[in-house]
Amino acid sequence: MSKGLPEARTDAAMSELVPEPRPKPAVPMKPVSINSNLLGYIGIDTIIEQMRKKTMKTGFDFNIMVVGQSGLGKSTLVNTLFKSQVSRKASSWNREEKIPKTVEIKAIGHVIEEGGVKMKLTVIDTPGFGDQINNENCWEPIEKYINEQYEKFLKEEVNIARKKRIPDTRVHCCLYFISPTGHSLRPLDLEFMKHLSKVVNIIPVIAKADTMTLEEKSEFKQRVRKELEVNGIEFYPQKEFDEDLEDKTENDKIRQESMPFAVVGSDKEYQVNGKRVLGRKTPWGIIEVENLNHCEFALLRDFVIRTHLQDLKEVTHNIHYETYRAKRLNDNGGLPPNKKLCTSLKRSGEGFILKCWEQVSHRQLVLTSDPSTNWGCKSSSRTGG
């Protein structure tokens, strides 16, 4: 009995030290109506909605260039494409005006809003292209304009205090209008696309397709694709830029069946079967612009706006602009490497770093000219003098 007594005391002492847990007072739940947003669905896929809201606030930039001879309906097609008067009719010359001596570049900006989404659209027209008797090197002003937009973006990008959102004037898409001859591409067409396909996304378009029969249109499309392949001309979407099997399958179908798009443009409406449709009136009937049985305008609009607009911008930034940027920073006007860095630092105002770099460059020069010199330090006996 005496041995069990201490154990009883120990248990009593423990019960005194450890109080019994008391039940917590009940806290009334907050009504669901208060801050109900926090009680909604939570998941990783909500990031898509966050991106959508942010993008809608900032809006989009899209710059499209139209190139081709006068009279092919470039302005009309662009107006039809975006269902707005985004390209002036007066951008092409008429009989009362003189043909431009050189290619003129006209950029017209518009803000289009649809469903709460704003897009700053810039249409770059090129009146005078291919209208001369001698069209030698007439693509050079266009290539110069495209590179100037890359240079403008690059200068903004390398600034120390650069803008939060750099204005994007780079050409994302170039619609090249092919005359509906039904025979073959002109040497000018081949030369232009050969030079410009390396710096911009080119989408070939057969203009005024209603001037050809269905058989002539099909044969002409096949002939154009063959000539582009033989001459090694890559048009958008380029095969090497397909990221996965799904993109490759979709783009292969577009390349082999749709390209080049045979289109008809019109901004006039007509009554057909009780409906108002965009079309062109002819003695034998009305050609409906959005009817796939009449032309491929709907396919072009779907391709440029619905499925590939963002990809056009990404290819422009990640491929064409990066190629220009790498070449520009590498060449830098042909300056030697040391002077390149010094020039860059002078422009940025980093005087101290410039001074240090000049000292390093000078020592490198001395070291190269005199192998016995070791960065201005005394020679060590362990190195053999």
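## Lysine 208

Lysine 208 is partly exposed, with a relative accessible area of 31%. Here, buried means under 20% relative accessible area, exposed over 50%, and partly exposed in between (1.4 Å probe, protein chains only). Lysine 208 sits in the loop between strand 5 and helix 6. Helices (H or I, at least four residues) and strands (E, at least two) are DSSP runs, numbered from the N terminus. The phi of lysine 208 is near 45°, a positive value in a residue other than glycine. Most residues other than glycine have a negative phi, and most peptide bonds are trans.

## Basis of the model

This is a predicted model: local features need pLDDT of at least 70, side-chain atom pairs count only at pLDDT 80 or more, and totals for chains, interfaces and linings use all residues. Residues are numbered from 1 along each chain as its sequence is written, and side-chain values use heavy atoms, with hydrogens and water left out.

Six strands form an open sheet with mixed pairing, in the order 2-3-1-4-5-6. Strand 2 and strand 6 (261-262) stand at the edges, each with a single partner strand, so one side of each lacks a neighbour in the sheet. Two strands pair if DSSP finds at least two bridges between them.

Strand 2 (residues 106-114) and strand 3 (residues 117-125) run antiparallel, joined by nine bridges. Isoleucine 108 stands opposite valine 123 in strand 3. Their hairpin has two residues between the strands, and glycine 115 there takes a positive phi near 60°. Strand 3 also runs parallel to strand 1, with seven bridges.

## Strand 4 and beyond

Strand 4 (residues 173-178) has six of its six residues buried, so it is largely enclosed by the rest of the structure. Cys173, Leu175 and Phe177 are buried on one side, and Cys174, Tyr176 and Ile178 on the other. In a regular strand the side chains alternate between the two faces of the sheet.

Strand 1 (residues 60-67) runs parallel to strand 4 over four bridges. Cysteine 174 stands opposite methionine 65 and opposite isoleucine 202 in strand 5. Strand 5 and strand 6 are parallel too, over two bridges. Isoleucine 206 stands opposite alanine 262 in strand 6.

## Backbone exceptions

Two cis peptide bonds deserve a look. One runs from tyrosine 236 to proline 237, with omega near 0°. Proline 237 lies in the loop between helix 6 (214-230) and helix 7 (245-258). Another runs from methionine 259 to proline 260, with omega near -15°. Proline 260 is in the loop between helix 7 and strand 6.

Asparagine 273 has a positive phi of about 55° although it is not a glycine. Asparagine 273 is found in the loop between strand 7 (269-272) and strand 8 (275-282). With a relative accessible area of 77%, asparagine 273 is exposed.

## Lysine 83

Lysine 83 lies in the loop between helix 3 (74-81) and strand 2. At 62% relative accessibility, lysine 83 counts as exposed. Lysine 83 and isoleucine 112 are 29 residues apart in sequence and 9.8 Å apart in space, C-alpha to C-alpha.
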